[in-house]
Amino acid sequence: MICIILVAGHGAQLEREIKEDKSGHYFDLQGVPKALLPGVGGTKILDLWWEAINTRRQFVNVYLVTNADKYKYYERWATANDFPVENIINDGTTTHETRLGAVADFHLCLQNKKIEDDVMVVCCSSSSLCAILLL
């Protein structure tokens, strides 16, 4: 089985809210992808996902799909977390307006990596609703 983690959102609403925040407490989070923001206890959501995925060892490969705008953040995360950098797929988009969307990013991964196996998809929408889909 293959696992595909979709984290290609541009975080336009979050960026806007950080810029409009008058307290300045969140200024250092500007540009940071949502999956890499510190959560409860300071743990990033992507760290939680990776731990759960990696612990079970049920996957032949795990891929992460992101965009060109956030790629460098995920590349650094991968290096620090023993995730193969070559398994990060860049969808090439740089803005919310040019985004491909989850279905197109999923398809890009299937084509790019020539996946014909069963797939589990992990993603998080802009409403912070997380989903795990077995396909």
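Helices are DSSP runs of H or I with at least four residues, strands are runs of E with at least two, and both are numbered from the N terminus. The structure treated in these exercises is a predicted model.

**Exercise 1. Overall architecture**

Determine how many helices and strands the chain has, and in which order its elements run.

*Solution.* Step 1: the chain has four helices and five strands. Step 2: read from the N terminus on, the order of the elements is β-α-α-β-α-β-α-β-β. Step 3: the radius of gyration of the chain is 15 Å, close to the 14 Å that the globule rule gives for 135 residues, so the chain is as compact as a globular protein of that length. Step 4: along the principal axes, the C-alpha atoms fill a box of roughly 50 × 35 × 25 Å. Step 5: buried residues make up 36% of the 135 residues of the chain. Step 6: of the contacts with a separation of 6 or more, 62% come from residues 24 or more positions apart.

**Exercise 2. Helix α2**

Examine the span of helix α2, the placement of its buried residues, and the residue that follows it.

*Solution.* Step 1: the expected span is 1.5 Å times one less than the number of residues. For the twelve residues of α2 (residues 45-56) this rule gives 16 Å, and the end C-alpha atoms are 17 Å apart, which agrees. Step 2: L46, W49, W50 and I53 are the buried residues of α2. Viewed down the axis of α2, these buried residues fall within an arc of 95 degrees, so they line one face of the helix. Step 3: a general point of helix geometry applies here. An α-helix has 3.6 residues a turn, so residues three or four places apart point the same way. Step 4: the exposed residues E51, T55 and R56 are carried on the face turned away from the buried side of α2. Step 5: R57 follows α2 and has a positive phi, near 50 degrees.

**Exercise 3. The nonpolar cores**

Identify the residues with the most contacts inside the largest nonpolar core, and trace the elements that contribute to this core.

*Solution.* Step 1: the largest nonpolar core has 22 residues, and I5, L46, I53 and L64 have the most contacts inside it. Step 2: two or more residues of this core come from each of β1 (2-6), α2, β2 (61-66), α3 (71-80) and β4 (119-124). Step 3: another core, of twelve residues, lies apart from it; L6, F106, C109 and V121 are among its members. Step 4: returning to L46, and leaving aside residues up to four places away in sequence, its contacts are I5, A35, L36, L64, Y74 and W77.

**Exercise 4. Helix α4**

Which residues of helix α4 (residues 102-112) are buried, and what covers them?

*Solution.* Step 1: the buried residues of α4 are D105, F106 and C109. They cover an arc of only 100 degrees around the axis, which puts them on the same side of α4. Step 2: β1, β2, β3 (88-90) and β4 are included in what covers these buried residues. Step 3: V103 and Q111 are exposed residues on the face turned away from the buried side. Step 4: just after α4, K114 takes a positive phi of about 50 degrees.

**Exercise 5. The salt bridge**

Determine how many salt bridges are counted and which side chains meet in one.

*Solution.* Step 1: the criterion is a side-chain nitrogen of Lys or Arg within 4 Å of a carboxyl oxygen of Asp or Glu. Step 2: the count by this rule is one salt bridge. Step 3: the side chains of D69 and K70 meet in a salt bridge, at 3.8 Å from N to O. Step 4: D69 is partly exposed, at a relative accessible area of 34%, whereas K70 counts as buried, at 4% relative accessibility.

Definitions and conventions:
Residues numbered from 1 in each chain as written. Predicted model: local features only at pLDDT ≥ 70, side-chain atom pairs only at ≥ 80, totals over all residues. Heavy atoms only, no water. Buried < 20%, exposed > 50% of the residue type's maximum accessible area, 1.4 Å probe, protein only. Arc of directions from axis to C-beta. Core = buried A, V, L, I, M, F, W, Y, C linked by side-chain atoms within 4.5 Å. Contact = heavy atoms within 4.5 Å. Rg over C-alpha atoms; globule rule 2.2 N^0.38 Å.
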